[in-house]
Amino acid sequence: MTKDLMQELAPVPRIEPLAPSLTPRAELALLCRLLFAEGYDDHIAGHITLKQPDGTLLCNPWELAWDELRVRDIITLDANGKVIEGHWNVTPAINLHLEIHALRPDVQVVIHNHSRYGNIWANARRVPPVYDQTSAQVDGEIVLIDEYNATVNDRTEGANCARALGNAKWALLANHGVLIVARDVRQAHLRALTLEWRCRQAWMVEAIGGGHPMPEVIANRVGAMIDGAGFPFLWEAMVRRELRRYPIE
Ligand SMILES: [Zn+2]
C-alpha cells in the first residue's frame, strides 16, 4: 500500500494552473470555508490566525460564520491581539492563538474549533486510533490537553494550553474542542481535514463493534511522507469546488 501511495505522490508535470493565485486574506477565508464543509461548523465558534512576515496576524472575525467569509471580512491583529485593520471584532478567545504564535516560530497557522467528530473524542478524553489511509495522512502524537477550564478567554489558560501543546502538530482539548498548528495554509488544511476524518472513521468503527487499527509503523510512514511533502492537488481541488459555490471577493 505504501509503495503504491508513493507512486501516486511522485511529481508529475503541471500542465496548467490548478487554481487562481490567492492573496493571504483569500487563502484564510477559503481555509475557513473549506474546513466548515469538513465539520468545523459549530455555528460562529472557532478562529484561525495566519501570521504575516511583519508579525501581524490575519484572523476571521468574531461575528461571522466560517462558511460566509470573504476577503473583505478578514481582520488584521497586532501581536497583542488588537484589531488594526478591518470592520469586525476579534474573539476574546484569541489569547490562545497569541500564546502559541509567541512560543512556536515554526507555526504560521493556528486553528481552533469545536468540530463535529473531533469533539466526540475530546469529550471522551480519548485519542482516536488510525483505521485507514486518509486518517494516516498526518503522523505524530495527538496531545490530549485536560488542564483546560472550558474557555480560552484567560491569558493564563492560553499560555498553559500553548505549553501543553509543546512541539506537537495537534491536540484535543478535553470537553472543549480541537487545536491544530501548521507551517502554512496548505498544511493546515491537510492536518485539519485529516483529524476530523480520523475522528469520524474511528467513531464509526467503534459504532459497529470495533476494528483493527492500521499498524503503527505503516501509519507513521504514510503520515510522515504526506504531511511533510503535502498532498498534491488536494488544496487546489477543494479551492475550485468552494469558488464554484460562493464568491471570495
Ligand atoms: Zn473553543
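Let's start at Phe-233. At 42% relative accessibility, this residue counts as partly exposed. Keep in mind that we are looking at a predicted model. Phe-233 sits in the loop between helix 7, residues 216-229, and helix 8. Its phi is positive, about 75 degrees, although Phe-233 is not a glycine.

Asn-175 is not a glycine either, and has a positive phi of about 55 degrees. Where does Asn-175 lie? In the loop between strand 7 and strand 8. Its relative accessible area is 43%, so Asn-175 is partly exposed.

Which residues are the protein donors of the zinc ion? They are His-112, His-114 and His-176, each through NE2. The donor atoms lie 2.0 to 2.1 Å from the zinc. Along the sequence, the spacing reads H-x1-H-x61-H. Take His-114 and His-176 as a pair: they are 62 residues apart and link distant parts of the chain. His-114 is in the loop between strand 5 (109-113) and helix 4 (118-124). His-176 is in the loop between strand 7 (170-173) and strand 8 (177-182). Buried or exposed, these two? His-114 is buried, and His-176 is buried as well.

Next, helix packing. Two packed helices are described by the angle between their axes and by the distance between those axes. Helix 6 covers residues 185-207, and helix 8 covers 234-245. Their angle is about 85 degrees, and their axes are 10 Å apart. So helix 6 runs roughly perpendicular to helix 8. Who meets whom? From helix 6 we have Val-185, Arg-186, His-189, Leu-190 and Leu-193. From helix 8 we have Leu-234, Trp-235, Glu-236 and Met-238. By class, this contact holds 6 nonpolar residues, 1 polar and 2 charged.

Now turn to helix 2 against helix 6. Here the angle is about 10 degrees, with the axes 10 Å apart. These two helices are therefore roughly parallel to each other. On the helix 2 side, the contact uses Glu-27, Leu-31, Leu-34, Leu-35 and Glu-38. On the helix 6 side, it uses Val-185, Ala-188, His-189, Ala-192, Leu-193 and Glu-196. The classes come out as 7 nonpolar, 1 polar and 3 charged. Notice Val-185, His-189 and Leu-193. They are among the residues that meet helix 8, and they are also among those that meet helix 2.

Last topic, the cysteines. How many disulfides does a search of the whole structure find? The search finds 0. Why is Cys-32 not bonded? Its closest cysteine sulfur, in Cys-59, is 8.0 Å away, which is too far for a bond. Cys-59 is in no disulfide. Cys-32 counts as buried because its relative accessibility is 0%. Cys-59 is also buried, with a relative accessible area of 0%.

Let me place Cys-32. This residue belongs to helix 2, residues 24-38. What does Cys-32 touch, leaving aside neighbours within four places in sequence? The contacts are Ile-48, Asn-60, Trp-66 and Leu-69. One distance to finish: Cys-32 and Ala-159 are 24 Å apart in space, C-alpha to C-alpha. In sequence, they are 127 residues apart.

Note on methods: Residues are numbered from 1 along each chain as its sequence is written. This is a predicted model: local features need pLDDT of at least 70, side-chain atom pairs count only at pLDDT 80 or more; totals for chains, interfaces and linings use all residues. Side-chain values use heavy atoms; hydrogens and water are left out. Donors are N, O and S atoms within 2.8 Å of the metal (3.2 Å for Na, K and Ca); water is not among the atoms, so sites may look incomplete. Helices (H or I, at least four residues) and strands (E, at least two) are DSSP runs, numbered from the N terminus. Buried means under 20% relative accessible area, exposed over 50%, partly exposed in between (1.4 Å probe, protein chains only). Axes are lines fitted to C-alpha atoms, for helices over the stretch in contact, and angles run from 0 to 180 degrees between N-to-C directions. Angles under 35 degrees count as roughly parallel, over 145 as roughly antiparallel, 65 to 115 as roughly perpendicular and the rest as oblique. Contact means heavy atoms within 4.5 Å. Ala, Val, Leu, Ile, Met, Phe, Trp, Tyr, Cys and Pro count as nonpolar, Asp, Glu, Lys and Arg as charged, and the others, Gly among them, as polar. A disulfide is a pair of cysteine sulfur atoms within 2.5 Å.
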